[in-house]
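Subject: Structure for you to look at

Hello,

Here is the structure I promised to pass on. Please open it alongside this note. What I found follows below.

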Amino acid sequence: VQLQASGGGLVQAGGSLSLSCAASGSIVSINVMGWYRQAPGKERELVATITSDGSTHYANPVKARFTISRDNARNTVYLQMNSLRPEDTAVYYCNADMSTTEPFYRNYWGQGTLVTVSS
């Protein structure tokens, strides 16, 4: 079971980027999926989460600029990032609680994708 993130890159301030993260393997069920980020010299922090029924939660710095969504049929979570700022520069990690044998869930991390926002 693994998470594979993609979509990072370099963008100018004010621009947009879209990230995606696909889960693969012998997955029976996925509960919460989310995105976290870690800027140079800082701790990893929450960006946004989404439950299996679509309820979302955003960290204050990204509210109204980022949108998290998921496709349950494809086991994929997305992050649409608009109005990007230099302080959004970080490695972005996807995260998910997944089950290979119900009712047991385990937390998984993707490999990270770098987002760089130039001023």
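**Strand β9 and its partners**

β9 and strand β10 (residues 104-109) run antiparallel and are joined by 5 bridges. Please keep in mind that this is a predicted model. The two strands form a hairpin, with 2 residues between them. Within this pairing, N95 has W109 in β10 as its bridge partner.

**The core**

How many residues does the largest nonpolar core have? It has 31. W35, L79, M81 and Y92 are the ones with the most contacts inside it. Several strands each supply at least two residues of this core: β1 (2-6), β3 (17-24), β4 (29-38), β5 (45-50), β7 (66-71), β8 (76-81), β9 (90-101) and β11 (113-118). The largest share comes from β9, with 5 residues.

**A closer look at Y92**

Which residues does Y92 touch, leaving aside its neighbours within four places in sequence? Y92 is in contact with L19, W35, Y36, R37, V47, F66, L79, M81, G112, T113 and V115. Among them are W35, L79 and M81, which are also listed with Y92 for the most contacts inside the core.

Best wishes

Key. Residues numbered from 1 in each chain as written. Predicted model: local features only at pLDDT ≥ 70, side-chain atom pairs only at ≥ 80, totals over all residues. Heavy atoms only, no water. Core = buried A, V, L, I, M, F, W, Y, C linked by side-chain atoms within 4.5 Å. Buried < 20%, exposed > 50% of the residue type's maximum accessible area, 1.4 Å probe, protein only. Helix = DSSP H or I, 4+ residues; strand = E, 2+ residues; numbered from the N terminus. Contact = heavy atoms within 4.5 Å. Pairing = 2+ DSSP bridges.
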